[in-house]
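Dear colleague,

Please find the structure below. I would be grateful if you would read the notes that follow it alongside the coordinates.

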Amino acid sequence: MNTPLAPTDEHLDRATRAIRAGKLVGLPTETVYGVAANALDPGAVARLYAAKDRPRFNPLIVHIAARWADLDSLHTRGIIDLDALEPAGRAAAERLIVRWPGPLTLVLPRGPAVPELTTAGLDTVAVRCPDHPAAQALLGRLDVPLAAPSANRSGRISPTTAQAALDELGDRLELVLDGGPCVVGLESTVVHVHASGQVTLLRPGSLSRQTLESLLEAPVHTANHEHAPRSPGMTDRHYAPDALFLALPARCADLDAAQMSVLTPRLERARVIGVLCWTAEHAAATPRCLPGLQVHALALTHTGDPTEAARRLFGTLRALDALGADLLLAEPCPPGTEDHGLAHALRDRLRRATRDL
Ligand code: TXA
Ligand code: MG
């Protein structure tokens with residue numbers, strides 16, 4: 001398979017047949033492209049782990065059709081186990097799922113229909129209802145949910161276009177549906193809803209902590225090391241280009257002498273250097289700050305808007321990777337973006353893609 005397919009009726013029928021036959025389909029969502037398999041078929045799920053080279057201890061998100069997006073339907077279909085939630089746990093989940101379809105994944109008690117392999121042996125299951133017409137069109141034709149991790153090889157950059165999904169996993173997929181570039185660009189927010197009603201943020205995403213707290217009218221807890229083994233995507237080095245990628249403490253123009261003296265030996269060893277800049281203006285100024293070197297500076301945004309930065313992050317990381325640079329540098333997010341929910345998620349992804357200078 002070497003071209004993505006428009007989500008026409010004919011191609012959606014092909015994708016439906018492929019899923020029913022236990023095969024893998026590249027799927028657009030509003031966050032990133034996923035690689036989808038029948039979440040209730042252990043054989044299909046095993047092929048999915050293998051296609052991504054994903055360790056089997058890292059559980060998958062189960063994607064559901066909009067018509068399943070209420071707690072009683074999910075319980076009746078054996079996806080979640082409502083009996084394992086106390087009334088306060090159920091109430092918290094009810095308050096959060098008003099944001100479905102959307103970039104919000106809830107970790108809830110696992111129901112009997114979900115194979116252990118899908119949840120990596122955990123007694124919880126991550127559930128998400130994606131907000132993308134092509135994803136919903138496919139889910140609407142199926143009578144099963146889809147396990148769909150991001151369509152990249154394990155540890156690599158999540159794809160935000162059909163072509164990027166194809167470049168990552170093309171030879172391992174039956175087909176890739178092309179739903180255009182992802183509008184959000186970062187993976188969903190993942191929260192664990194505990195039986196008691198306590199809610200813990202496992203992975204920041206476009207739905208911010210502030211939004212979650214206002215839906216819950218209660219604080220959202222921060223995940224600590226106790227959660228790490230249960231949500232490996234939380235702590236791993238991740239989303240990483242191939243070359244050494246260093247996080248700068250300041251934009252190139254503002255590095256002080258001490259910071260420059262740490263950076264200089266790295267620069268001297270590099271032939272081609274790629275720099276991730278926050279704005280086009282920074283990118284234009286960057287080569288002058290690193291004179292005598294072959295520097296390619298790429299801008300995340302035209303305007304400085306964090307929403308645009310989030311949408312373009314993974315595509316820009318791919319473009320940096322494609323430069324064939326032997327050293328990559330990332331400017332920090334600018335001051336003033338600390339309270340922006342998407343900038344928080346973006347910082348999280350950048351922290352995991354880079355190493356400190
Ligand atoms: O936006 C998204 O969520 C995308 C699109 C394709 O929907 N999917 C995605 O899947 O990002 P993946 O597999 O790349 O990330 C799933 C994350 C991982 O960090 C995993 O550890 C966590 O969700 N997770 C899944 N099931 C879990 C569970 N039962 N308990 C805790 N964490 C879980
Ligand atoms: Mg992923």
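Predicted model: local features only at pLDDT ≥ 70, side-chain atom pairs only at ≥ 80, totals over all residues.

Residues are numbered from 1 along each chain as its sequence is written, chains are lettered from A and ligands numbered from 1 in the order in which they are written, and side-chain values use heavy atoms, with hydrogens and water left out.

Helices (H or I, at least four residues) and strands (E, at least two) are DSSP runs, numbered from the N terminus. Two strands pair if DSSP finds at least two bridges between them.

An open sheet of 10 strands has the order 7-1-2-6-3-5-4-8-9-10, and its pairing is mixed. Strand 7 and strand 10 (221-222) each have a single partner strand, so one side of each is left without a neighbour in the sheet. Within this sheet, strand 4 (residues 104-109) runs parallel to strand 8 (residues 189-193), joined by 4 bridges; V107 has H192 of strand 8 as its bridge partner. Helix 5 packs on the sheet in contact (heavy atoms within 4.5 Å) with strand 1, strand 3 and strand 6. The direction of helix 5 makes about 135° with that of strand 1; axes are lines fitted to C-alpha atoms, for helices over the stretch in contact, and angles run from 0 to 180 degrees between N-to-C directions.

The buried residues of helix 5 (133-141) are A134, A135, Q136, L138 and L139; buried means under 20% relative accessible area, exposed over 50%, partly exposed in between (1.4 Å probe, protein chains only). In helix 6 (residues 162-169), 6 of the 8 residues are buried, and these pack against strand 2, helix 2, strand 7 and helix 10.

A further open sheet has 5 strands in the order 13-12-14-11-15, with parallel pairing. Strand 13 (294-301) and strand 15 stand at its edges, each with a single partner strand. Strand 12 (residues 272-279) and strand 13 are joined by 7 bridges, and L276 stands opposite L298. Helix 10 touches strand 11, strand 12, strand 13 and strand 14.

T354 is in the loop between helix 11 (341-353) and strand 15 (355-356). Its relative accessible area is 10%, so T354 is buried. A polar atom of the T354 side chain lies 2.7 Å from the backbone oxygen of L350.

Yours sincerely

Methods: Polar contact = N/O pair within 3.5 Å; in protein donor to acceptor, adjacent residues only side chain to side chain.
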